[in-house]
Amino acid sequence: LSNSKECKQRSIEKTLGYPTNRLFQFYAISKRTGLDIIRTPALSVMQVIINIVFALLVGGIYFQIGDEVHGVQNRVGAVFFIVMNMIFSNLSAVERFIQ
């Protein structure tokens with residue numbers, strides 16, 4: 001009885017697992033991303049320019065905020081703004097996976 005439970009557990013683990021290890025998956029994704037950067041250099045340059053402009057914009061808005069409560073709230077707003085930018089900038093990668 002115990003042996004059959006172990007066999008079932010092993011078969012469940014095998015069906016839920018991936019056929020390759022994480023290192024190979026990381027290599028494949030990195031290679032795909034590198035090829036995409038090489039094939040569309042204008043897109044990569046534009047992403048860098050957009051990030052620089054965004055950094056200057058956020059830096060200008062939140063420059064010289066104080067240490068009082070209002071300043072701390074502004075910092076939290078800046079962190080939220082930056083995190084949302086990071087999330088939405090990565091949504092462009094979803095298109096590549098759909099294709």
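The protein has an average pLDDT of 78, and 77% of the residues score at least 70; pLDDT is the predictor's confidence in each residue, from 0 to 100. The model is predicted, so local features need pLDDT of at least 70 and side-chain atom pairs count only at pLDDT 80 or more, while totals for chains, interfaces and linings use all residues. Residues are numbered from 1 along each chain as its sequence is written, and side-chain values use heavy atoms, with hydrogens and water left out. Helices are DSSP runs (H or I, at least four residues), numbered from the N terminus.

Two aromatic pairs are found in the whole structure; rings of Phe, Tyr and Trp (its six-membered ring) pair if their centres lie within 6.5 Å, and planes under 30 degrees apart count as stacked, over 60 as edge-to-face and the rest as tilted. Phenylalanine 24 and tyrosine 27 form a tilted pair, 6.3 Å centre to centre with 40° between the planes. These two residues are separated by about one helical turn because they stand three residues apart in helix 2. Phenylalanine 54 and phenylalanine 81 also form a tilted pair, at 5.3 Å centre to centre and 35° between the planes. Phenylalanine 54 lies in helix 3 (residues 41–61) and phenylalanine 81 in helix 4, so this pair ties together parts 27 residues apart in sequence. With a relative accessible area of 16%, phenylalanine 54 is buried, whereas phenylalanine 81, at 36%, is partly exposed (buried means under 20%, exposed over 50%, partly exposed in between; 1.4 Å probe, protein chains only).

Phenylalanine 88 is placed in helix 4 and counts as exposed because its relative accessibility is 52%.
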